[in-house]
Amino acid sequence: MRPAERGAIISGIGQSEIGRRLNRSDLDLTIESSLRAIADAGLTVADIDGIATYPGPGLGQGKGGAGGPGAWELQDALRLRLNWHSGAQEGPAQTMAVFNAIGAVVMGLARHVLVFRTVAEATEQGAGKRKGQGIDALESGLVGPMSWLIPFGAMSAGNWLAMIANRHFHEFGTTREQLAQIALNQRKNAALNPKAIFREPMTMDDYMAARMITTPFCLFDCDIPVDGSIAIIVSAADTAADLASTPIHVNAIGTALRGRASWDQFDDMTTMAARDAAASLWERTDLRPTDVDVAGIYDGFSINTLVWLEALGFCGKGEGGPFIEGGARIARDGQLPLNTDGGQLSAGRLHGYGYLHEVVTQLRGVAGERQVAKSPEVGVVANGGGTYAGAILLTRGAS
Amino acid sequence: VDHVTTAASGVRILAEGSVVPVRVLPKILSDNEFFWTSGAEGVLRFMRCTSCQYIIHPPSMWCPKCLTRTAEPSAVSGRAILHSFTVNYHQWVPGSQPYVVGLVEIEEQSDVRLTTNIVGCAIDDVHIGMQLTVVFEKNGDVYLPLFEPAAAA
């Protein structure tokens, strides 16, 4: 059976100004990226009949900047006439908004869905409004899943993922020198991305000398809060002939969650939800990991990428350390060019959507001086880590 | 680590602030009250299915194994093994010293884990696989279960 998601294409991509402390509102950035994506597809605002975003309203400006505006805010700001709309947080990672949009176009609910992800964390931090996860519950008390973690000073995904990293080190002998290759690779790639935040060279000595955040993570294992917005247009595949852009085809999506949705109760702490999302991705396609020419893999923390490389089958379980050792395999001219824009570790935390923008750019062959050498046909984007994960396989040609 | 008292069970109860200067505490609700207050007696308790004996955490009346609604709070030994940990250096709260966040699996059922703090030993002595035993830190009505090396108990 042909997976239904092959009825969807990515027809347009757009990026706002990206930077530290831009002092622009999240809605302002979102409109900029949205209009660019619409124009990139060769569409007009009147053609957009659907919206999807992650995580939806409630976390946006004035509340830490991690959320961005909701779907309703953008609908109103652009006076869109929609047949379908969605903004939500629970699902297969940040990519869930893309998956929702794919669902909408293959169900015929919409033809062209504007998907966006916006962050204004740098500006919010600069304004002193970002207090840190859980601190706002100092008076009221914590409820829900966070109430089992934050009381113990496990304040951040950094702490939770650090325990995954240390377990990986324990079970498989993975080392900090190996993990460092994620950060070093992304920094090298960022040098060729004018929009990346940190572009100056980084050495292994720089990495090892950085201040420790939570063992085994030093500062360079943690991504960079930024301000910025990415928009992509998900369209019905039968509109491809009418579009100005090179359509990139959806081949398969990975959405499964088969272990427990819990940061501390998941059965295998060295993989967590990436295992399930990756398995379900490959269940929906005849393509194999060896077919992938370019990868955009989540690097909110360096261990996320290592876990995904194993989960997606680029190497065996527990072999991620040796796979990335020395950095040659994941380099821009290696067997698996990885995070060619600099990833979240060096280009900035566009929270999953930077990878989509970059992999589409690479598959179109228009990445300029950072274009990977061989003409890429197949790209993978993987988002999230820990309790939530989503993956999408994209191809230049239809399949 | 200073302790303020010893519970009837012989388990030590530490004073607030033993690990970090400020803790954001859980809100006590009907389904978790037994868990967060059980430390007053120096006892660690979990919901346990009275039909199939499966220990259920986080707390639920319903057993996910046999789907009966017969679970009740039940005491465990307080012994655990360290599954993983991290030494936190970042000052989420200004003035905090490095501390150990641990992930422990309880002796009675290896798929029941707690995120916690490892106390009662030097940071450099913390290692995956170490045998631990529960202590509690009193924060008002909330008794947080922390763990220390079993040999030190």
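# Close-up views of a predicted two-chain model

**Figure 1. The second largest pocket draws its lining from chain A and chain B.** In this predicted model, 16 residues line the second largest pocket. Nearest its centre lie A:R260, B:Y54, B:H57, B:P64 and B:D111. The volume of this pocket is about 240 Å³. What classes of residue make up the lining of the second largest pocket? There are 7 nonpolar, 4 polar and 5 charged residues.

**Figure 2. A cis peptide bond joins B:H57 and B:P58.** B:H57 is one of the residues nearest the centre of the second largest pocket. The peptide bond between B:H57 and B:P58 is cis, with omega about -5 degrees. Where does B:P58 lie? Find B:P58 in the loop between β4 (55-56) and β5 (71-75) of chain B.

Figure 3. The size of an interface is often given as the accessible area lost when the parts come together.

**Figure 4. Polar contacts link chain A and chain B, with 22 residue pairs counted.** Both residues of each pair have pLDDT 80 or more. How many salt bridges does the rule find across this interface? The number is 0. Over all chains, however, the structure holds 21 salt bridges.

**Figure 5. The largest cavity has residues of both chains closest to its centre.** Rolling a probe the size of a water molecule over the atoms shows where empty space is left. The structure holds 4 cavities of 30 Å³ or more. About 70 Å³ of space lies in the largest cavity. Its lining takes 13 residues. Closest to its centre are A:G153, B:V20, B:V22, B:V93 and B:Y99. By class, the lining of the largest cavity has 10 nonpolar, 2 polar and 1 charged.

**Figure 6. A:D238 and A:R111 form a salt bridge in chain A.** Their side chains meet at 2.9 Å, N to O. A:D238 sits in the loop between β7 (227-236) and β8 (248-254), and A:R111 sits in the loop between α3 (96-106) and β4 (112-120), so the pair ties together parts of chain A that are 127 residues apart in sequence.

**Figure 7. A:T215 and A:P216 are joined by a cis peptide bond.** Omega is about 5 degrees for this bond. A:P216 belongs to the loop between β5 and β6 (217-218) of chain A.

**Figure 8. A:A93 has a positive phi.** The angle is about 60 degrees, although A:A93 is not a glycine. Which loop holds A:A93? Look between β3 (84-87) and α3 of chain A.

Technical notes: Residues numbered from 1 in each chain as written. Chains lettered and ligands numbered in written order. Heavy atoms only, no water. Salt bridge = Lys/Arg side-chain N within 4 Å of Asp/Glu carboxyl O. Polar contact = N/O pair within 3.5 Å; in protein donor to acceptor, adjacent residues only side chain to side chain. 1 Å grid on protein atoms, 1.4 Å probe; cavity = no way out; pocket = protein on both sides within 12 Å on 5 of 7 lines; lining within 4 Å. Points joined across faces, edges and corners; volume = space filled by probe spheres on them. Nonpolar A, V, L, I, M, F, W, Y, C, P; charged D, E, K, R; others polar. Helix = DSSP H or I, 4+ residues; strand = E, 2+ residues; numbered from the N terminus.
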